[in-house]
Amino acid sequence: MPPMIDKEKCVKCMTCVQICGMDVFGPLDTKEPTVMYPEECWHCRACVMDCPVGAITMRYPLPMSMLFQEVPSEQETGCRK
């Protein structure tokens, strides 16, 4: 399952396109981030964590969702790791 981009929140900064190591979002020369190769996604959450406006959410395949647990970010807890 690929990342999902909320078009209402997205500011088209292209951070997700630049940070994705698997090229899920396709080429950098697009004007708006689009999930072009969803089957390439490794669910590393780099795009989710680096999006400055929180416009990206991750959909997990059912077997992965049974293992996934959301961990609060440094900003939410006020603690550094």
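1. Start with the largest cavity. The lining has 11 nonpolar, 1 polar and 1 charged residues. Here Ala, Val, Leu, Ile, Met, Phe, Trp, Tyr, Cys and Pro count as nonpolar, Asp, Glu, Lys and Arg as charged, and the others, Gly among them, as polar.

2. Note the basis. This is a predicted model, in which local features need pLDDT of at least 70, side-chain atom pairs count only at pLDDT 80 or more, and totals for chains, interfaces and linings use all residues. Residues are numbered from 1 along each chain as its sequence is written, and side-chain values use heavy atoms, with hydrogens and water left out.

3. How many cavities of 30 Å³ or more does a search of the whole structure find? The count is 2. A cavity is a set of points, on a 1 Å grid over the protein atoms alone, where a 1.4 Å probe fits but cannot get out; lining residues have an atom within 4 Å of a point. Grid points are joined across faces, edges and corners, and a volume is the space filled by probe spheres set on the points.

4. The second largest cavity has a volume of about 80 Å³. It is lined by 14 residues, and Cys-10, Cys-13, Cys-16, Cys-51 and Ile-56 are the closest to its centre. By class, this lining has 12 nonpolar, 1 polar and 1 charged residues.

5. Now the cysteines. A search of the whole structure finds 0 disulfides (pairs of cysteine sulfur atoms within 2.5 Å). Cys-10 is in no disulfide, and its nearest cysteine sulfur, that of Cys-16, is 6.3 Å away. Cys-10 counts as buried because its relative accessibility is 14%; buried means under 20% relative accessible area, exposed over 50%, and partly exposed in between (1.4 Å probe, protein chains only).

6. Cys-41 is in no disulfide either. Its nearest cysteine sulfur belongs to Cys-47, 6.3 Å away. Cys-41 has a relative accessible area of 13%, so it is buried.

7. Cys-47 deserves a look. It sits in helix α2. With a relative accessible area of 8%, Cys-47 is buried. Leaving out residues up to four places away in sequence, Cys-47 touches Pro-3, Cys-16, Ile-19, Phe-25, Ile-56 and Met-58. Contact means heavy atoms within 4.5 Å. Cys-47 and Met-14 are 33 residues apart along the chain, with 9.9 Å between their C-alpha atoms.

8. Is Trp-42 buried or exposed? Trp-42 counts as exposed, because its relative accessibility is 65%. It lies in the loop between α1 (15–19) and α2 (46–50). Trp-42 and Gly-21 are 21 residues apart in sequence, and their C-alpha atoms are 9.2 Å apart in space.

9. Overall layout. The protein has 4 helices and 2 strands, in the order β-α-α-β-α-α along the sequence. Helices (H or I, at least four residues) and strands (E, at least two) are DSSP runs, numbered from the N terminus.

10. Whole-chain totals. Of the 81 residues, 27% count as buried. Among contacts between residues at least 6 apart in sequence, 45% join residues at least 24 apart. The accessible surface comes to about 6000 Å², and 57% of it belongs to carbon and sulfur atoms. Areas come from the Shrake-Rupley method with a 1.4 Å probe; for residues, only the protein chains shown count as cover.

Terms used
On a 1 Å grid over the protein atoms alone, a cavity is a set of points where a 1.4 Å probe fits but cannot get out, and a pocket is an open set with protein on both sides within 12 Å along at least five of seven lines; lining residues have an atom within 4 Å of a point.
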